[in-house]
Amino acid sequence: MGLEGLHVTAVRREPDLLTVTVESGPVPTGCPTCGTVAEAHSRRVVRLVDAPCFDTPVVLIWRKRRYRCREGACEMATFTEQLPDLVRPRGLLTTRAARWAIGQIRSEHASVQGVARQLGVRWRTVWSAIKPILTASAADETRFAGVATLGVDEHVWHHVSTKPVADGGRGPKELTGMVDLSTDENGQVRARLLDLVQGRTRAAYADWLQARGEQFRAAVDVATLDPFQGYKSAIDEELADATAVLDAFHVVALGTRCVDEVRRRVQQATTGHRGRKGDPLYGIQTILRAGQENLTDKQRARIERAFAVREEHDAVDLTWQ
Ligand SMILES: [Zn+2]
């Protein structure tokens with residue numbers, strides 16, 4: 001299980017879900033208010049989302065202990081067990097799932113939305129679970145040592161309202177992520193996510209660079225960026241000595257945008273209107289955005305058919321290639 005003090009009492013395996021029931025062993029527990037040794041009272045069953053195991057979603061059923069304080073004068077009548085290593089209070093995602101999510105964002109270029117989908121929860125749930133971990137690691141300045149190549153990346157969250165959180169909105173729409181792209185002693189690119197800050201503006205990145213201090217900025221030789229001009233200005237201002245380059249990831253993104261534009265143009269020229277259901281070029285835009293190497297045979301066939309319908313479609317095909 002990898003979780004200290006927890007026993008697995010049941011495992012249920014279904015084709016697309018693994019349900020693991022866990023509970024802690026009986027240990028003497030003091031009342032958090034008065035310190036008197038408390039007595040076992042009852043159990044509360046909590047359902048937690050854990051990190052996927054072999055691509056299968058995992059749900060933990062935690063039979064959480066409930067205690068009663070024996071001290072009659074104490075105002076704490078009953079209280080429930082807290083295992084911060086397992087999950088933060090009132091959290092839905094286990095700490096392990098939160099770390100897994102950060103790993104996905106960090107090394108797989110996953111979006112928070114994508115990670116949320118894989119875990120079967122809302123992005124907000126992922127965000128509230130990973131934020132304290134990111135904040136805690138943000139306090140640890142050692143990870144900023146030796147960053148020679150610094151990447152900056154926008155993470156756009158879809159289906160998020162722009163309304164302020166105070167008015168019932170669903171929080172930030174864009175985040176800026178800083179990635180350490182330095183090469184380690186074995187010649188491997190580290191690709192560590194250093195930080196995530198709200199917003200996708202020049203100021204978001206410039207403020208972050210400012211906060212890192214002179215020594216950090218002086219150590220950065222190469223600063224990669226996405227094609228957003230704001231980041232470029234921040235690099236020019238804060239990292240004057242570093243070489244700014246477009247990173248490969250965003251070159252791919254630029255290429256994708258290019259295919260999109262040509263597809264739209266050809267669509268307009270051949271049909272005289274924007275893409276509609278039933279048009280050969282309509283409905284393949286998502287497939288075109290995926291890398292060719294990721295396509296299934298079915299998707300490949302669909303693209304082939306769409307391109308084959310008219311000669312003019314060759315332009316889209318060529319750009320895509
Ligand atoms: Zn008490």
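Ground rules next. Residues are numbered from 1 along each chain as its sequence is written. This is a predicted model: local features need pLDDT of at least 70, side-chain atom pairs count only at pLDDT 80 or more, and totals for chains, interfaces and linings use all residues.

Now confidence. pLDDT is the predictor's confidence in each residue, from 0 to 100. The chain averages 76, and 65% of the residues score at least 70. Strand 4 has the highest confidence, at a mean of 93. Helix 10, residues 314-320, has the lowest, at 52. Then there is the stretch 248-254. Here pLDDT stays under 50, and the model has 5 contacts beyond four places in sequence. Where pLDDT is low, the predicted coordinates should not be read in detail.

On to the fold. The chain has 10 helices and 10 strands. These are DSSP runs numbered from the N terminus: H or I over at least four residues for helices, E over at least two for strands. Contacts are next; two residues are in contact if their C-beta atoms, placed from the backbone, lie within 7 Å. Take the contacts between residues at least 6 apart in sequence: 54% of them join residues at least 24 apart.

G5 sits in the segment before strand 1, which spans 6-14. G5 has 13 C-beta neighbours inside 10 Å, so it counts as partly exposed. Leaving aside neighbours within four places in sequence, G5 contacts S24 and G25. Its C-alpha is 8.3 Å from that of E23, 18 residues away in sequence.

Now the sheet pairing. Two strands pair if DSSP finds at least two bridges between them. Which strands does strand 4 join? Strand 2, residues 17-24, runs parallel to strand 4, residues 56-68, with 5 bridges. Strand 3, residues 39-53, runs antiparallel to strand 4, with 12 bridges. E39 has R68 as its bridge partner in strand 4. The hairpin of strands 3 and 4 has 2 residues between the strands, and F54 takes a positive phi near 50 degrees. Strand 5, residues 78-80, pairs with strand 4 in the antiparallel sense over 3 bridges.

Next, the core. A nonpolar core is a set of buried Ala, Val, Leu, Ile, Met, Phe, Trp, Tyr and Cys residues joined through C-beta atoms within 7 Å. The largest one has 44 residues, and A101 and V126 have the most contacts inside it. What does V126 touch, beyond four places in sequence? L93, A101, V112, V115, A116, L119 and V121.

Look at helix 2, residues 112-119. Its buried residues are V112, V115, A116 and L119. They cover an arc of only 100 degrees around the axis, so they lie on the same side of helix 2. That arc is taken over the directions from the helix axis to the C-beta atoms. G120 follows helix 2, with a positive phi near 75 degrees.

V152 is in strand 6, residues 149-156. It is buried because it has 28 C-beta neighbours inside 10 Å. V152 and L193 are 41 residues apart in sequence, and their C-alpha atoms are 9.6 Å apart.

In helix 4, residues 202-212, the buried residues are R202, A204, Y205, L209 and R212. G213 follows helix 4, and its phi is positive, near 90 degrees.

Last, helix 6, residues 229-238, which holds I235. Is I235 buried or exposed? Buried, because 23 other C-beta atoms lie within 10 Å. Its C-alpha is 9.9 Å from that of R217, 18 residues away along the chain.

Notes:
A residue is buried if 20 or more other C-beta atoms lie within 10 Å of its own, exposed if 12 or fewer, and partly exposed in between; C-beta atoms are placed from the backbone.
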